[in-house]
Every structure is written in C-alpha cells, then in structure tokens.
Amino acid sequence: MRNLKRALSLTLASVMLLGMMVVGAGAAGFPDVDDEDNVEAIEVLNAVEVILGYDNGDFGPDDLVTRAQMAVIMANLLNLDYQYYEATCPFTDVPAWARGYVGACYAKGITSGYSATIYGPNDGITPVQAASMMMRALGYFQYAQDYNAGFEVATVSQGTDIGIFKGVGSSASAAMTRNQVAKMALNALCAEMVTFTGTPGMEVNGVTVGYRPEYTSRTSTEIKYQAIESRTSDVSGGNNLNRGQYYIQ
C-alpha cells in the first residue's frame, strides 16, 4: 500500500499565506499572465518551485503540458529524489532528461504507462490523467477495484467530490495548459490527504470478492496543520482517538 508523503512539508502554511497576498497583487510576477488566468495558482506554484516560470521571465500559461512534464511537476510536488530512479524507469520511449522523474512517479504508484514499456512522454496530459496522478498522491485509488466503473468515470467522480477540477476549465480529454495544471495542483494542495480504511477483500479464482471502498481523511495533532485550516476532526464517540485533530492537507 502506498503511503505517499506530499511536499506540503514544503510549507503549506506559507503557500496559503502567499495565496492570500497574491489575490490583490495581480499578475505582476509574469508579464504574460493576465487577470483571466489562474493568477493565484500560478504565483503559489512558482513560489514553492513546483511549476517554475521560464528563463525569459514568462510563465507560458497557454503552453500545453506533456506527460513527461507532468511527471516533473508531480516529482516536485512530492519532493521525490528522482535521480535515483533514472536507471529503473521501465519505459523505453522516455528521453534521458525525464527518465528520473517518470521513473520516480511510476515507482511511487503515481503514474503508469500505456504498456509495460511505452509511456507516451510527448502526449499532452489530460485533466483525467493529471487528476488521477494527484489523487493517488493524496492517497486515493489504492486498489484496482476502485476503477471498476472505468478509469475516466471513477477519476472524474472522485475528483469532482473533492474539488480537484474546480476552476480548471477543460474537457476530460483535452491537453492541459500550464495555467490549468497550476490550478489543479493548487486544488490538490488544498484537498485533504486520505487513508484507505475499507476492506481489501480476497481473491477467489482470479476475482476479488468482498472489496469495500472507503477512504478516510487523515488527521494529526501537529500544530503546523492548524495554519492551513483550523477545522478539526468532528467525528464523535468515546473511542475516537482522532477527535479534535487537524486535517492533513
């Protein structure tokens, strides 16, 4: 079971604080970003070095994001030691510069290929693919049975429930822009991390039976999570050990 650790330890408190400051600051940080773009998301993701601007000072909000570039974004978001995975990346079509990033995301269960050896690094990342990667990082989709309704239906349904698509503005299959990916990444940073608390079931004659899907928001007593959202676990009951703890985002 994956127990992925997001780079909210990068400092989510400052992320949200910066987000509040950016609201009134306009798009001054990037000359090619205007008020119609997701200014707050762009500035925040650049500030925490998840999606950086270009060397010429532009951000390129309308530039399309490839699957290889999305792996870089996820590796930055999760603060993965991607260099260690250059040699273990199983996909033969991934260029040298992206092998570590794609290999790390694959090893952590964040992404998968079209086949055992083909990744499609130059294909545009779709909202469904990007949302799936981000939600796996949050702790969702731990078991193949979570996709019983189909990859796209399951991803869109769960993503809609937690607000991952809010404000992104795209269709399920269109290639995403850097502007849209920044917004989705900020949505993911604001979402709660979860732990699988359902029943894995057991395999009988090649079929899993008794699987019960359930994901529960993670909580912690660490004070740093209060800086993000002061709301605490409201589950009642005398045996509830998590009562009053902060939700982990």
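How far apart are the end C-alpha atoms of helix α7, and what should its 13 residues span at 1.5 Å a residue? In this predicted model, the ends of α7 (residues 178–190) sit 18 Å apart, which agrees with the 18 Å that its 13 residues should span. The helix is also mostly covered, with 11 of its 13 residues buried. The buried set runs from Arg178, Asn179, Gln180, Val181 and Ala182 through Met184, Ala185, Leu186, Asn187, Ala188 and Leu189.

Before going further, a word on confidence. The protein chain averages a pLDDT of 80, and 73% of the residues score at least 70. Helix α4 (residues 96–107) comes out highest, at a mean of 96, while helix α1 (residues 12–22) is lowest, at 44. Over residues 1–28 the pLDDT is below 50, although this stretch still has 62 contacts in the model beyond near neighbours in sequence. Residues 235–241 stay under 50 as well, and there the model has six contacts beyond four places in sequence. Where pLDDT is low, the predicted coordinates should not be read in detail.

Next comes the pairing of α5 and α6. The axes of α5 (residues 127–138) and α6 (residues 151–162) come within 10 Å and cross at roughly 65°, and the crossing is left-handed. On the α5 side, the contact is made by Val128, Gln129, Ala131, Ser132, Met135, Arg136 and Leu138. Facing them in α6 are Phe151, Glu152, Thr155, Val156, Gln158, Gly159 and Ile162. By type, the residues of this contact split into seven nonpolar, five polar and two charged.

The loop between α5 and α6 holds Phe141, a residue other than glycine whose phi is positive, near 55°. Most residues other than glycine have a negative phi. Phe141 has a relative accessible area of 7%, so this residue counts as buried.

Glu49 also has a positive phi, near 60°, but its setting is another matter. Glu49 lies in the loop between α2 (39–47) and α3 (67–78), following α2. Its relative accessibility is 57%, and because exposed means over 50%, Glu49 counts as exposed. In α2 itself, Val39, Ala41, Ile42, Glu43, Val44 and Leu45 are buried.

Terms used
Residues are numbered from 1 along each chain as its sequence is written. This is a predicted model: local features need pLDDT of at least 70, side-chain atom pairs count only at pLDDT 80 or more; totals for chains, interfaces and linings use all residues. Side-chain values use heavy atoms; hydrogens and water are left out. Axes are lines fitted to C-alpha atoms, for helices over the stretch in contact, and angles run from 0 to 180 degrees between N-to-C directions. Helices (H or I, at least four residues) and strands (E, at least two) are DSSP runs, numbered from the N terminus. A crossing is left-handed if the near helix is turned anticlockwise from the far one by less than a right angle, and right-handed if clockwise. Contact means heavy atoms within 4.5 Å. Ala, Val, Leu, Ile, Met, Phe, Trp, Tyr, Cys and Pro count as nonpolar, Asp, Glu, Lys and Arg as charged, and the others, Gly among them, as polar. The expected span of a helix is 1.5 Å times one less than its number of residues. Buried means under 20% relative accessible area, exposed over 50%, partly exposed in between (1.4 Å probe, protein chains only). pLDDT is the predictor's confidence in each residue, from 0 to 100.
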